[in-house]
Amino acid sequence: MENLFFLIPALPILGFIALALFGRRMSAGAIRTMGVGSIGFSLLCALASAGQFLNAFQAGRPWVQTLWQWFAVPGLAVSVSLKLDSLSLIMALVVVFVSFLIHVYSAWYMDGDEEYGRFFAWMNLFTGAMLTLVLAGDILLLYLGWEGVGLCSYLLIGFWYKEPANARAAIKAFIVTRVGDTAFLIGLFLIALKTGTLDIAQASTSIGAMKASGLPTLIAMLLLGGAVGKSAQLPLQTWLPDAMAGPTPVSALIHAATMVTAGVYLIARMNAFFVLSPVAMEAVAAIGALTLFLAAVSALFQTDIKRMLAYSTMSQIGYMFLGLGVGAWSASLFHFMTHAFFKALLFMSAGVIIKAMHEEHDIFKIRKKLLSGTAFPVPPIAFWSFLTGGAALAALPFITSGAYSKDMIISGAWTSGHVWVWALALAGSFLTGLYTFRVFFTVFAGTGQSVYSFGGKRNLLVLIPLAVLSVFSVVAGYIKSNIIPFLGMVLPAVAPVKGEPFIVYIAPMLLPLIGIALAWLLYSPRAKATALKAWAEAAPLSGFFLRGWDFDRLYDFLIIRPYKFAGRLIQTDPVDLIYSLIAVISGLFHFVLGTSQTGKIRLYAALIGIGTAIIITWAVLF
Amino acid sequence: MAPVSIDNGLMVAWALFVLGFIGVLVRRDLVFVLMSIEVMLNAAGLAFILAGAKWGKPDGQVMFIFILATAAAEVALGLGLVLRFHHKFKTLDTDAASKMRG
């Protein structure tokens, strides 16, 4: 398999090509087989590669496969090469595994959509681009995958493009991430210019020699700019909540397995640049901490179930950034893995609920519908998987996977001495418990469970992904002791500078429980603290938090309006005024001379006479 | 007969010239326009004769001979053009030939 792991990204891309070319002429069954099958075979390839890789394991030796030379110019040769090491292996496995389950689920969710084929074509391309990104051994190839992911997110968020709001959300996602992509591209040029290579391993080695200059910091900050855009972190986070306009499986794919974690992967992959620059590391940690807190507060006020999940994704990616910034590299990647499982699970169960409620997103309306019995009954699988996913998101200690990874990040923040970052992370973990179970209790508490019935066919396509992910959301935490050293082989380790007292150890376990308890007090049917709840919802700031701290308005004020104003100013091309003036004067002369040329001989004679008289008068007088 | 004073003679030449010019401006008929031009030429010739008499030199009379020759040539050409004009436009109105705005 050492030379066949290129099939992992190649199969989804082939699936995309086939579906794009022949999707219109294929039956729904054929599209389903093709779309899900390509990812399925890719998963098999990934598993086989993983088995072989682990078998033939020599510490730290990556598999490198150079497929062909992309281009070579003097001073720079770029090859299309793939690299499998413990980091990309874990990442690729999680991506392809979760993508596969989401594809299976999509086969049910999108069943009957008139553009079934187009949907699966984009989904396959999305997965293929993400796998290219993950397995790339070359920064330019990574960038290709990166842009591919951005393109597909645009196409899929705007999948139901007939709704103008969806198309707007797609354009917003594309443009906002483009800001970050530009920074990434400049960083890429700098790497090529200064190190003369775009191979990740070689560039990482040669940058070490330039430690004393400001170059590593500059490049790391530019890469961070790219990561911030793609991972929806402060200050480029505004596109993510709007990206919920896409179909629910797309949200699951963007927010769990693929797009938003690309930023985390980029920083982990380019860690050689970041460890050389303490400034960049601090920036990563600060961005992560601020984003996780801001997003958690916003999530608390959302009424749309998918927007709540979007903010929670932003917040969890914030944890990953925080972990990368404080040097808990492996813990961050571990959190990526558990997050991929439980967030995909949450989105898919939310999708089941939304579909059962006839596209109703508002949690309070869902509750009303459930109480009045006018909707389809919510299947128990949605209840149980939302509960499992929610518990993992809230990091319920000991039993859920989210707790293991998140606690590692939080303790990493403490032991590396970032106290205020640690405090924000703790506050975030309390809020996570609160907002997750606010939604859970609002939708499910006391509304009763009905018999299993979807009002649709192909129930297994839903049951299997939800069940598998539920299991993984719980058990993924138990492989912590295996996976951390495995990832540690390519990721740097940071020695703790501080001991961990008992209270620091126990706090991240207790705070989610307090949050959940508070959610029960506020939102259960027998809520005691109704006065507090009423106050919180009527608070003057709730609208501000609902709109995600009004970043959209801020950017509208700071960027969009000045831009439009400048656009209006130069709409008439002021510089052209000089040239148009010349044209106007020539036109005037043309008009005068043209009108005087009448062909009437007597007028000419008169004009000659007048002219002569004027000249003679002139000559006599002066 | 007392000699004609130069001022009076020039006044006559001036009056002739203006009369000829007014004729060119107001008459539409091409033949009259040609005749008015002849009058203007003769006004110029008279001015030359007067100047020659004033300075007692033959140059003025020489110039008059030149003007006569020019006028004769002009009439020869001009009448030919008038005939073609009439043939083409069936009129002698100068404004009739303004179609090309030349």
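**Figure 1. Salt bridges across the predicted model.** Counted over all chains, the structure holds 10 salt bridges. Please keep in mind throughout these views that this is a predicted model. The next close-ups visit individual pairs, starting within chain A.

**Figure 2. A salt bridge between A:Asp242 and A:Lys172.** The closest N and O atoms of this pair are 2.5 Å apart.

**Figure 3. A:Arg178 and A:Asp181 meet through their side chains.** Theirs is a salt bridge with an N to O distance of 3.3 Å. Why are A:Arg178 and A:Asp181 separated by about one helical turn? Because they are three residues apart in helix 6 of chain A.

**Figure 4. Where chain A touches chain B.** Here 12 residues of chain A are in contact with 12 residues of chain B. The area buried between the two chains is about 960 Å², and carbon and sulfur atoms give 52% of it. Two residue pairs are in polar contact between chain A and chain B, both at pLDDT 80 or more. On the chain A side, helix 26 (576–596) and helix 27 (601–621) are the elements that give two or more residues. Helix 27 of chain A makes the largest share, with six residues. Sorted by class, the chain A side that touches chain B has four nonpolar, six polar and two charged residues.

**Figure 5. The one salt bridge found across the interface of chain A and chain B.** It joins A:Arg602 to B:Asp95. Between A:Arg602 and B:Asp95, the closest N and O atoms lie 2.8 Å apart.

**Figure 6. A look into the largest pocket.** This pocket holds about 560 Å³ of space. Its lining is made up of 31 residues, and those nearest the centre are A:Ala331, A:Asp407, A:Met408, A:Ser411 and A:Gly412. Which elements each supply at least two residues of the lining? They are helix 15 (329–356), helix 18 (401–415), helix 21 (480–488) and helix 22 (502–523) of chain A. Helix 18 of chain A brings the largest share, seven residues. By class, the lining of the largest pocket has 21 nonpolar residues, alongside seven polar and three charged ones.

Technical notes: Residues numbered from 1 in each chain as written. Chains lettered and ligands numbered in written order. Predicted model: local features only at pLDDT ≥ 70, side-chain atom pairs only at ≥ 80, totals over all residues. Heavy atoms only, no water. Contact = heavy atoms within 4.5 Å. Buried area = accessible area lost by both parts, 1.4 Å probe. Salt bridge = Lys/Arg side-chain N within 4 Å of Asp/Glu carboxyl O. Polar contact = N/O pair within 3.5 Å; in protein donor to acceptor, adjacent residues only side chain to side chain. Helix = DSSP H or I, 4+ residues; strand = E, 2+ residues; numbered from the N terminus. Nonpolar A, V, L, I, M, F, W, Y, C, P; charged D, E, K, R; others polar. 1 Å grid on protein atoms, 1.4 Å probe; cavity = no way out; pocket = protein on both sides within 12 Å on 5 of 7 lines; lining within 4 Å. Points joined across faces, edges and corners; volume = space filled by probe spheres on them.
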